[in-house]
Every structure is written in structure tokens, then in C-alpha cells.
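Here is a short briefing on one protein model.

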Amino acid sequence: MPISIRTKQITELYSNMPLQKNLSPQQLAALTAFGLSVPISLIFLFFKPEWWVVLILFGLIFAGSYLLILITLQTFIYRKIKLIYKLIYQTKATKREEFYFKNILPQKGIDEVRKDVEAWAEQKTAEIELLRQNENFRKEFLQNLSHELKTPIFAIQGYVDTLLNGALHNNEVNTRFLSNTSKNVDRLVTLLNSLDEISKLETGELPLTKENFIIQDLVKEIFESLQLKAEEKEIKCIIKKGCEQPLTVFADKEKIRQVLVNLTDNAIKYGRPNSSVEAGFYNVDGKLVLIEISDEGDGISEEHLPRLFERFYRPDHTRSRKVGGSGLGLAICKHIIEAHGQAIHVRSTVNVGSTFGFSLPVKQG
Ligand code: ADP
């Protein structure tokens, strides 16, 4: 039975019950029995009987109606409540729950039961919301994935068809078409490798090999390896003034290299020509080192920032696809940093630039 229908049924079932503030069935029965016995005894007083007769009559009416009301309450209302609890718990009642239903539940006031049901309904609403979000996430992921696969595959198909239909013997175009085909194959391979890596990171199949190393040295190596790319846009990659003091971190060097390559590569890709990319390093209370890569690019508008680290999320599709890679880079960075028990964040202002930062623990031993 769908959860929402079940919730509705229970709410209906529940709304039919009398609402008394924190009264147990015994109290409720006693109160009603008292309310019945007093007026009947008063009426009987009109006939001027002996006082003890009135007292006995009062006692008998009180006891009789008390028992009758109590039995009715137990049988009808608590049977319904028991049913509600059974629906809430969904699983077959264990011995302990049976004991609870028989002995503790009847002691509960209706208000307490209402609170239990409300808490249950809230929990179910949260579960439904999570399921809905996951469902949307799954749909979006599949859409993005098929889009990412389609683009290079259709390009390859086009080049191969044209080559087979005669272009193969046309020396002016054949090498260019083949090299474009090869680029698209590379793009597919990168995409599949990134996906494979993400799923391994998610399932914890890529264990971390941590060591102590100086973070500035690693960043200098990365700046050197990306120098050609930076020079094409006349971008200077530098270490921020005042951040030269070597800081040793304890992390998986190769995975952190991957994160830094990705952040620096993005800073160059999305940075303005003739600007600079800066790396900053800060010791936070002697326990963590904060590493930041800043660029002077177009920046990212605020509404995109919360989703930036999601797989395939791109704020500006046309621009990113022209210069970008698989759209999985930042998602991989997030996974790697989270595997270290740390967090990655972004600050960005349109037409000013972006700063991506993450923390790592300082050296151990
Ligand atoms: P891509 O392969 O598209 O670069 P990423 O996951 O590395 O994938 O980045 C996702 C998107 O975030 C990019 O497409 C780009 O729009 C945006 N982005 C990432 N880094 C920057 C940056 N430094 N400046 C501006 N936009 C950026």
C-alpha cells in the first residue's frame, strides 16, 4: 500500500477518536461514571429515601457505569489505536511489541498517541521527500549521461560514415577526420574513466594511501605541468604573497594532485586572458591547512553555487562544453576531499572571479 494512502487512512482513523487531554481510559471512565451517578442519585433523593440507600445506589451506578465505559473504551478505541500502531510499525509485532500493545499502550493518553502518530507522519514525509529527490537525481543523471555519450558518439559516427563513403581517399580531409575521430574517442574514454572513478570513490573501492608532504611543492609541480596551457591565455600561475612558508599535510598525494590539477585547470580554462591564478595556503589552528586556488575569471552566479559539485552540473552549458571536460571534475574533487574527512567549498562573484578551497589535516608523527 503506498505510504501516502496509509498516512491518510491513519489520520482519518485517528480523527474519529475523542480527543481528551492526557486522560487514561480509567480516568475517562471514572469521570463519565461520576457524571452519570451524581444526577441519577440526586433525582432519587426527591423520593426521600434513607441516606444509606442513596449512597448504595450511587456506588452501584458509579461502579456499573465505570466498568461498562471502561470495557467499551478498551474494546473499541484501544483496538483502533492498536491497529494504528501495527500500521505504523509495518513489521510483524515481536514479543516485546505484543507486550507493549497489551500492557503499556492502554496506559497511554490519547494525546501521547497523537504525538506518536504525528512523529511517524513527519518521518514518513521526510522519507518521501528524500525518495522524490533521489528519483529526480537519478532521472537527471541518466539524461546528462546520455547527453554526454551522445555528443562524441554521433561525431564519431559522422566522421566514420564520411570516410567510408569516399573521404578516406581524399588526402585533404582524411587525416583531419581521423584525428577528430580520435579526439572524440579520447573524450569518451575520459568520461568512462571519470565515471568509473566516481563509482569507485563512492563505494570506497579506492583506498587512500596517506603520507606527509609539503603542499606548496605539489602545487608548484602542477603549475609547471600546466604552464603551456596557461601561457596560451597569458595567464600567470603564482603562489600568493605571504603563503610561501612550507606547510606539510597528511593526505593521499596522488589524489590531492588530481584535485589540484582539476582546480588549476578550471581556473585557467575559465580565467580571463592576461590574468593570474593564485594559490593560497593557511594554517588553521595548527590542525588543518586550508588550500585555495583563485582565478580572475567570469565567476559563477550565486544560484549555481550550491549545485556546482554535483555530477555533470554546469552553470553555463555552451561555454563549458566548448572549453570543458566531462563535467565530472568537481564531483570527483568533492569525493576525494570528503574521503579525507574534509570539505571543499567555492566563493565566486560574477565578473570578478572564483576561489575554490579545501582543507587537509597537518602532518602526522
Ligand atoms: P568541466 O569539465 O565542465 O570543467 P567541472 O566539474 O570541472 O567540469 O566543472 C563544472 C562546471 O563548473 C564547469 O563546466 C564550469 O561551468 C564551472 N566552473 C568550474 N570551475 C570554474 C571556475 N574556476 N570559474 C568559473 N566556472 C567554473
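Asp 285 takes a positive phi near 40 degrees in the hairpin of β4 and β5, which has 3 residues between the strands. Strands here are DSSP runs (E, at least two residues), and helices are runs of H or I with at least four residues, numbered from the N terminus. The model is predicted: local features need pLDDT of at least 70, side-chain atom pairs count only at pLDDT 80 or more, and totals for chains, interfaces and linings use all residues. Residues are numbered from 1 along each chain as its sequence is written, and side-chain values use heavy atoms, with hydrogens and water left out.

**Strand pairing**
- Strand β4 (residues 276-284) and strand β5 (residues 288-294) run antiparallel, joined by 7 bridges. Two strands pair if DSSP finds at least two bridges between them.
- Leu 288 in β5 stands opposite Val 284.
- β4 also pairs with strand β2 (residues 236-239), in the parallel sense, over 4 bridges.
- Ile 239 has Ala 279 in β4 as its bridge partner.

**Helix α7**
- Helix α7 spans residues 215-225, and its buried residues are Ile 215, Gln 216, Leu 218, Val 219, Ile 222 and Phe 223. Buried means under 20% relative accessible area, exposed over 50%, and partly exposed in between (1.4 Å probe, protein chains only).
- These residues cover an arc of only 160 degrees around the axis, so they sit on the same side of α7. The arc is taken from the directions from the helix axis to the C-beta atoms.
- Glu 224 and Ser 225 are exposed on the other side of α7.

**Nonpolar cores**
- The largest nonpolar core has 49 residues. Such a core joins buried Ala, Val, Leu, Ile, Met, Phe, Trp, Tyr and Cys residues through side-chain atoms within 4.5 Å.
- Ile 215, Ile 256, Leu 260, Phe 281 and Phe 358 have the most contacts inside this core.
- The core lies between domain 2 (144-203) and domain 3 (210-361), because both give residues to it. The domain bounds come from an automatic or database domain assignment.
- Apart from this core lies another, of 14 residues, including Ile 69, Leu 73, Ile 81 and Ile 88.
- Not counting residues up to four places away in sequence, Ile 256 touches Phe 213, Ile 215, Leu 218, Ala 251, Ile 336, Ile 337, His 340, Phe 358 and Leu 360. Contact means heavy atoms within 4.5 Å.

**Whole protein**
- The protein has 11 helices and 7 strands.
- Of its 365 residues, 36% count as buried.
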